[in-house]
Amino acid sequence: MFQNRFIINSAKVICVLLMIYLTTKISFLLNPILRMIHILLLPVLISGFFYYALRPIVDYFSDRKVIRSVAILFVYFVAAALISLLGIVIWPLLQDQVTTLMNNLPQLIEGFRNQIDQIQQNRFLSMFGSSQSDWSNRLSGYLDNGVKTAADYISQSLLAFTNFVVIAATVPIIVYYMLKEGAKLPLKLLPFIPKKYRADCKSMLSEMDNALSGYILGRVIVTSILTAMLYIGFLLIHLPYSLLLAVISFVFNLIPYIGQFLGAIPCLIVAFIVSPAKALWVAGIIVVIQNVEGNLIAPHVYGKRLDIHPLTAVLLLLIGGDILGIVGILAVIPIYMILKIFVRHLYQLFLEKKVEELVE
């Protein structure tokens, strides 16, 4: 019996490998489909983000007997008003800081080099060896390369937004119908599932929905609180470009685990150009705020819903960034969570008993 099972399972593996091989031979048929997926991926991701961000508010009004379409339009109106208000209040200051930073970038790099020169001349540091390499040229070279790499990466990422008009026109429509019809999706999918698997499929879809909702809402809440605390801290120590650096930290901190380190780098560089003491103040503020976020805020917001090992998250982020750039970095963790739930349910339905029988 064991030999028969081995032969059957081997035949299944061979069939799967054969299907994969044949798929590579018909890539000319799959390329249009992949191109369409690539075009639709960004609008769908943005729509999914706003769907989970706005759904609790729409559900709140809907539970109080407000017609759902009216509740959605009201939320749209409030969101548009808030965005306009933030644009009027914050955008001029942010734009001024961005313009000033771009104009002063050569002077900032030169200031960074001067700070390194002063540190290199420190007597205490000269005790660590007489054959020191030129810190100034080396570190300023790293900074130049880092600025160029960041600029190239941002420009490549912005290519995804070249069709901005289409995205801006389609995303509100997609989000509207997702908010209006999203709860009905499981009911529409279940008739296509065999009756004996419908309960498990419904449970799987519900678990996916809860995981995505918890992750997206939690990430936005935690990152917003962290950004507000960083901005206040930067203002207290009079750090230049405080708002711009806080916004950059917000974008980076949307990336779990490694985002907090990436977001700290620009802040520390700007502070170091002012003075090493200012950099120490910034480092202290970042460490204190990240400890508050990691030990007090995040556990209450996430609970145990973000069940991903840090090493797994880092590997996923590297893969997502290599494939789709910044879009892949932001999307890879939610995609992984969905696939993990899907695979676990498939295993429980079809393989768990067979594995237990083989082990016994």
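Of the protein's 360 residues, 28% count as buried (under 20% relative accessible area, with exposed over 50% and partly exposed in between; 1.4 Å probe, protein chains only). This is a predicted model: local features need pLDDT of at least 70, side-chain atom pairs count only at pLDDT 80 or more, and totals for chains, interfaces and linings use all residues. Residues are numbered from 1 along each chain as its sequence is written, and side-chain values use heavy atoms, leaving out hydrogens and water.

Start with the fold. The protein has 14 helices and 0 strands. Helices (H or I, at least four residues) and strands (E, at least two) are DSSP runs, numbered from the N terminus.

Now follow helix α10, residues 195-236. After α10 comes H238, with a positive phi near 60°.

Next, contacts, meaning heavy atoms within 4.5 Å. Take those with a separation of 6 or more: 70% of them join residues 24 or more positions apart.

Finally, the surface. The protein exposes about 23,600 Å² (Shrake-Rupley method, 1.4 Å probe; for residues, only the protein chains shown count as cover). Carbon and sulfur atoms supply 72% of that area. One nonpolar patch covers about 880 Å², and F77 and L82 are among its residues. F77 sits in helix α3, residues 68-89. Is F77 buried or exposed? F77 counts as exposed because its relative accessibility is 60%.

Technical notes:
Expected span 1.5 Å × (residues − 1). Patch = residues over 30% accessible without salt bridge, like charges linked within 9 Å, V, L, I, M, F, W, Y side chains within 5 Å. Salt bridge = Lys/Arg side-chain N within 4 Å of Asp/Glu carboxyl O.
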